[in-house]
Amino acid sequence: MTAHVIADDAEALAVAASLAGEFRAGASARDAERRLPRAELDRLSASGLLAVTVPAEHGGADVGAATLAEIFRLLGAADASLAQIPQSHFVYANVIRRQGTEEQRKFFFAELLAGRRFGNAQSEAGTRHVQDIRTRLHPRPDGSYRLDGVKHYSTGALFADWIPVLARAEDDKLHVAYVPQDAPGVTVIDDWDGLGQRTTASGTVRLEGVEIPADRVLPHHLTFEGPQLHGAVAQLLHAAIDTGIAGGALAEAAEFVRTKSRPWFESGADTAAEDPLLIQRFGELALPVRASEALLREAARAVDTARADLTDDSAAEASVAVAVAKVQAAQAAVGVAGALFEVSGTRSALNSLNLHRYWRDARTHTLHDPTRWKIQHIGRYVLNGTRPPRHGLL
């Protein structure tokens, strides 16, 4: 595969806006038919967008968090499933940047610049909690490993060239193994059955005696032994997707009311768009959308600031800013996507129109991690100055 190499933040945003316009056109049909977006992902790879965080010394644009968040917001407004697929791609590219050796960085950043895709295999079902990882890396005499385990909710794995796998080694410490999707012993099963984000193919990955060279394993546990932005970046992208869904739902509702709705007979208006109560409601709905967009930008700036001078304090400020943005975006996505029907009227509920995809996507995506715990950490930070924990989910 050959891919364009994006030069800078401005080009990255222009490419993202152009692709979002393309992807929006077929989003509803892909969702309704559960048609997996292989062609669209190939377009994404060829565009160079998947390599925009590659460091400049390795030939990449090395865009900031503000640009990356805006890319995901644009894609999320167009097609929330498609936007979700590369979220882990950037998260595990970040692991290489932080924990990879120079040789590992050189190899994998070249892969990214060539358009290769990372998936993920991190979550497991039936364990005590989300951080109870039972997939194991068993050491071999030659320094390599044997990898065994079963992963669920493996968004992107079906479309990936490389599958980053969270696993514990013999010391019980957390590592990431970067596994070729076609490696012997790897089985990717398309058994995702979510009510929303239908085309993410977030199914099961089985790993049975997979042989892993030593240089394809990174010590992820070291990420959390000092100030880190791993969780903040990951959650920033989730917040961007939710913000995109909220904005996409509001734009869809406005278009529907302008072109398809009838005014309520008591309004005295000639068109639904002139109905004063609908005008009032759209003004109310614009508030959480714009608040989400503003908080997303603020959170991204905090991440960029912390990246320039990473300390316990700057990392904490970034994590809290991202948590605030994520809570607001999650509430806006679910709320505005639900209100789409309220303002659009009875016809909007027709299954054939598939307007419910915004709510289904929002309801599904916002379940990744509970906002109630983010609010707890925000409160502790504001009231007592308690820094949030370094567990990668904040």
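**Strand pairing, burial and loop residues**

Val176 has Leu218 as its bridge partner in strand S7. The model is a predicted one: local features require pLDDT of at least 70, side-chain atom pairs are counted only at pLDDT 80 or more, and totals for chains, interfaces and linings use all residues. Residue numbers start from 1 along each chain as its sequence is written, and side-chain values rest on heavy atoms, with hydrogens and water left out. Helices (H or I, at least four residues) and strands (E, at least two) are DSSP runs, numbered from the N terminus. Two strands are taken as paired if DSSP finds at least two bridges between them.

The link between S4 and S7 (residues 217–218) is antiparallel and consists of two bridges. S4 also pairs with strand S3 (residues 162–168). That pairing is antiparallel too, and it runs over seven bridges. Within it, Trp162 faces Pro180 of S4. S3 and S4 make a hairpin, with five residues between the two strands. In the turn, Asp172 has a positive phi of about 70°. Burial follows a cut-off scheme: buried is under 20% relative accessible area, exposed is over 50%, and partly exposed lies in between (1.4 Å probe, protein chains only). Six of the seven residues of S4 (residues 174–180) are buried, so the strand is largely enclosed by the rest of the structure.

Strand S6 (residues 204–212) also has pairing partners. Strand S2 (residues 145–151) runs antiparallel to S6 and is joined to it by six bridges. Leu147 stands opposite Val210 of S6. Strand S5 (residues 186–189) is antiparallel to S6 as well, over four bridges. Val186 has Leu207 as its bridge partner in S6.

Asp148 belongs to strand S2. The residue is partly exposed, because its relative accessibility is 23%. Contact here means heavy atoms within 4.5 Å. Neighbours within four places in sequence aside, Asp148 contacts Thr135, Arg136, His138, Leu207, Glu208 and Gly209. The C-alpha atoms of Asp148 and Leu207 are 4.9 Å apart, across 59 residues of chain.

At the level of the whole protein, there are 11 helices and seven strands. Over C-alpha atoms, the globule rule is 2.2 Å times the number of residues to the power 0.38. For 394 residues, a compact globule would have a radius of gyration near 21 Å, and the protein agrees, with 21 Å. The C-alpha trace spans about 80 × 50 × 45 Å along its principal axes. Of the 394 residues, 55% are buried. Among contacts with a separation of 6 or more, 74% involve residues 24 or more positions apart. The accessible surface (Shrake-Rupley method, 1.4 Å probe; for residues, only the protein chains shown count as cover) comes to about 17000 Å². Carbon and sulfur atoms hold 53% of that surface.

Charges were counted as Lys and Arg positive, Asp and Glu negative, with His and the chain ends not counted. Each charge is placed at NZ of Lys, CZ of Arg, CG of Asp or CD of Glu. The 42 positive and 49 negative charges have mean positions 3 Å apart.

Backbone angles pick out two loop residues. Most residues other than glycine have a negative phi, and most peptide bonds are trans. Asp62, not a glycine, has a positive phi of about 50°. Asp62 sits in the loop between helix H2 (38–47) and helix H3 (65–78). Its relative accessibility is 22%, so Asp62 counts as partly exposed. Asn354 is likewise not a glycine, and its phi is positive, at about 55°. Asn354 is in the loop between helix H9 (312–344) and H10. With 3% relative accessibility, Asn354 counts as buried.

The loop between helix H10 (357–365) and helix H11 (371–384) holds Thr366. Thr366 is buried, at a relative accessible area of 7%. Not counting residues up to four places away in sequence, Thr366 touches Asp242, Lys326, Ala330 and Val334. Thr366 and Ala17 are 349 residues apart along the chain, and their C-alpha atoms are separated by 24 Å.

Asp8 lies in the segment before helix H1 (9–33). With 37% relative accessibility, Asp8 is partly exposed. Apart from neighbours within four places in sequence, Asp8 is in contact with Ala61 and Val63.
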